[in-house]
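I opened this model to look up its aromatic pairs and its nonpolar cores. My entries follow.

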Amino acid sequence: MLTKQRHQLILQRLSEQKVVKLKELVDLTDSSESTIRRDLTDLEAEGYLVRVHGGATLIATPDEEPTFEEKRDRFVDEKVAIARKAATFIEDGMSIYLDAGTTTQAMVPFLEGKKIVVVTNSLPIANELFNLDIKTFVIGGELKRSTQALVGYNARESMMNYRVDLAFLGMNGIDLDAGYTTPDPEEALVKKTAIELAQTSYVLADASKVGKRTFSRVATLDAAQLITSSDVSMSSIQTITKVVNAK
């Protein structure tokens, strides 16, 4: 297959899925891993995509953040493994913050039966917690349609009424230099506030987020421990913050 044809196939798949894995592209184009890596490097240099660990993603801007529905169907097995591991840190009697996001939402089934109090900015998470009869406080703020999250200055002010033992956060980018990032400044403010109010904070992120940076900085890497996929090589990030592999 010609280089131009491979590039077209890669970009077409990216336009459909927003994130693709290296192995998927190898199978799609019937090419070697080294060939696809060169293709991704070339396309990144041309500004079409951003390489992430194990694949590539479209360049994100504040107006291009994937919707809740789009995120929900990606990397499902990884998200469940990460969520299961995160839930092991929660003990009876604790108060926790659950940030809006599909990986944090995947934690909810693992909270059943726990005697805890939850603060959240996510309507979907609040609904699931209600069904499990878990005491839940939903913060105020502007409701963001795409992620069904309450965000912004009013959300921050509402959060200031609480102090929690643990905070579990979703994140769009994890980068050595940029730290933890997310596309929307309004959501970044809420995530930053959660870190400030928690005794210990955890970022839950699948492999596609590692090595990626987006528009708004939330915090430096040492502000929160990272719970991520077990196949991610994190040796450089481990020098800055604790990394928990979701096995």
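I started at Y202, which is buried, at a relative accessible area of 6%. Buried means under 20%, exposed over 50%, and partly exposed in between, with a 1.4 Å probe and protein chains only.

This is a predicted model: local features need pLDDT of at least 70, side-chain atom pairs count only at pLDDT 80 or more, and totals for chains, interfaces and linings use all residues. Residues are numbered from 1 along each chain, and side-chain values use heavy atoms, without hydrogens and water.

Next I checked the rings of F168 and Y202: centres 5.3 Å apart, planes at 10°, so the pair is stacked. Rings of Phe, Tyr and Trp (its six-membered ring) pair if their centres lie within 6.5 Å; planes under 30 degrees apart count as stacked, over 60 as edge-to-face and the rest as tilted. F168 sits in strand β9 and Y202 in strand β12, 34 residues apart. Strands are DSSP runs (E, at least two residues) and helices are too (H or I, at least four), numbered from the N terminus. F168 is buried at 0% relative accessible area.

I then took the aromatic pairs as a whole and found three. F89 and Y202 are stacked, 4.8 Å centre to centre with 25° between the planes. F89 is partly exposed, at 23%. F89, F168 and Y202 make one aromatic cluster.

Last, I looked up the largest nonpolar core: 31 residues, with Y97, I174, Y180 and V203 having the most contacts inside it. Such a core joins buried Ala, Val, Leu, Ile, Met, Phe, Trp, Tyr and Cys residues through side-chain atoms within 4.5 Å. Helix α9 gives the largest share, five residues.
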